[in-house]
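Let's take a walk through this one together. We'll start where the two chains meet and then head inside.

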Amino acid sequence: MSAYEVLKYRPEHKARIAELQCDLWSSDPALNAAILEWRYERNPYLDDIPIYLATSHGRIVAMRGFYGGRWEAGIPRQENLVYCADDLVIAPEHRNRGVFTLIMKAAFDDLQASGDGIVLTLSGGMTTVLGSLAMGWKSIGQTLPTRLLSNRTRLLQLIRSYGAEVPVARQAVRWLPDRGRPERFTRLDSVGATRPSGGRVWLAREPQAQAMAELIERLGTDGRIRHVRDAKYFAWRFANPMNEYRFLYAGADRLTGYLVLRRCISDRFDTSAVYVSDWEGENVAIKRDLLRAAIDWGGFSELMAWTATAARETVQILLEAGFPEAVRSPRGIPCILVKPYGTTASAGTWTMAGKSVLDPSNWDLRMLYSMQG
Amino acid sequence: MRRNEGVLASRQARREELLALMKTWDVAVDGALTADTPLIESGLFDSLALFNLVVWVEGQVGAPLDPTTVDLAAEWNTVTGVLDFIDRRRGSAP
């Protein structure tokens with residue numbers, strides 16, 4: 001008999017989860033409780049809260065959550081409820097005891113009973129990816145991040161690598177910071193307030209959820225699998241208490257483009273980089289203006305974007321702006337994982353709206369869909 | 001140097017090394033850990049131990065390993081399976 005029992009989340013578990021998540025989300029239980037409330041309790045796609053907990057002697061020692069999303073594929077569009085598995089945490093003394101497998105089996109049994117579809121893992125680290133692969137998940141492909149480093153960051157990296165090679169410099173290099181300083185939007189806010197582009201691009205702290213959704217609707221779809229980006233989604237998505245966002249908009253009477261920047265405020269994650277969470281425009285020139293504004297106004301030490309399924313012209317804009325070409329990792333991560341349940345699993349071919357979910361060319365993946373965005 | 005020694009080690013020596021290493025990974029296996037103990041199927045060998053195993057296999061193969069290209073449940077379920085995998089990779093190495 002297993003030493004563990006798997007339970008489904010109930011509100012009285014919140015305080016213990018907030019404490020447990022000090023290993024993953026942040027060291028602040030109050031922030032962790034806010035993250036849980038936002039991601040699961042206020043998730044606009046699920047009434048249920050599919051968080052699975054493992055207990056040992058009545059104490060919660062592990063959790064894995066599944067938050068909901070509405071994804072679309074094909075022309076005409078077909079919409080599907082998709083679960084994203086995330087937020088795995090196992091108390092250190094309970095690792096390698098089969099807890100991960102136990103939780104995932106219980107979760108998939110539960111999902112199976114509710115219907116059929118696919119589950120994604122969009123933000124897993126190496127250990128989560130390995131545990132998932134062992135349970136039959138498959139990789140859609142790598143996210144292929146690319147990073148634009150400031151001159152200061154590049155110089156620090158150069159000095160650090162020189163110090164690693166030259167013994168006499170090793171001591172001095174130890175005084176350098178490991179990473180850049182925690183990134184802030186101070187410069188972006190200050191430069192953005194002056195509207196330096198003559199109003200072509202402008203900065204805001206709040207999402208224009210309706211206008212952004214209308215732009216997405218006008219731009220249409222190429223039929224690839226992507227999250228439904230409607231006003232409901234944007235309003236929920238940018239309320240993530242773990243992050244701070246800024247929105248660069250193009251267009252006067254109506255929105256013609258946007259670029260969303262995200263920085264993490266949790267002390268458990270890399271706070272030295274700013275991320276291009278989502279980026280759209282009616283044409284290449286608008287997208288270029290938005291990226292230029294992000295780079296010039298923000299002056300970030302590190303700006304990161306995903307390129308895996310980005311359109312060729314989008315990658316070209318990044319390259320022109322100085323981002324290096326993304327390099328495929330020999331270890332296959334970071335990647336997106338998928339696993340079907342119900343009849344989708346038993347059909348043998350893993351598809352959504354008739355499209356193979358294992359073919360990366362069928363996906364339009366954005367950082368926004370993952371918790372990195 | 002250690003990596004080279006690992007690559008050149010015999011299958012038997014690798015087996016002993018891996019079994020000894022696994023004992024230090026704090027995996028809660030019922031009974032004795034042998035070359036045929038189910039690691040993945042049993043669910044006991046989860047993410048952290050797998051990470052250690054990937055690092056060890058990379059040392060034996062002498063190259064980074066992309067685990068997304070491996071059917072871990074089928075190929076790495078036992079120590080014997082892991083050793084077979086290493087033999088295949090080393091055999092196919094240029």
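**Where the chains meet**

Between chain B and chain A, 4 residue pairs are in polar contact, with both partners at pLDDT 80 or more. That confidence score is there because this is a predicted model. On the chain B side, the elements that put two or more residues against chain A are α3 (47-61) and α4 (72-75). Of these, α3(B) gives the most, with 7 residues. Sort the chain B residues that touch chain A by type and you get 16 nonpolar, 3 polar and 4 charged.

Now for the charged side of things. The interface of chain B and chain A has 1 salt bridge. Look for the side chains of Glu58(B) and Arg331(A), which meet at 2.8 Å, N to O.

How much area do chain B and chain A bury between them? The figure is about 1,900 Å², and 61% of it lies on carbon and sulfur atoms. If you want to zoom in on chain B, go to Asp46(B), Ser47(B) and Thr68(B): they supply 27% of the area that chain B buries against chain A, more than any other three residues. Counted by residues, the contact takes 23 from chain B and 19 from chain A.

**Inside the structure**

Two or more lining residues come from each of β3 (59-73) and α9 (231-237) of chain A, and β3(A) gives the most, with 4. By type, the lining divides into 9 nonpolar, 3 polar and 1 charged.

Conventions. Residues are numbered from 1 along each chain as its sequence is written. Chains are lettered from A and ligands numbered from 1 in the order in which they are written. This is a predicted model: local features need pLDDT of at least 70, side-chain atom pairs count only at pLDDT 80 or more; totals for chains, interfaces and linings use all residues. Side-chain values use heavy atoms; hydrogens and water are left out. Contact means heavy atoms within 4.5 Å. Buried area is the accessible area (1.4 Å probe) that two parts lose on being put together, summed over both. A salt bridge is a side-chain nitrogen of Lys or Arg within 4 Å of a carboxyl oxygen of Asp or Glu. A polar contact is a pair of N or O atoms within 3.5 Å; within protein, one must be able to donate a hydrogen and the other to accept it, and residues adjacent in sequence count only if both atoms are side-chain atoms. Ala, Val, Leu, Ile, Met, Phe, Trp, Tyr, Cys and Pro count as nonpolar, Asp, Glu, Lys and Arg as charged, and the others, Gly among them, as polar.
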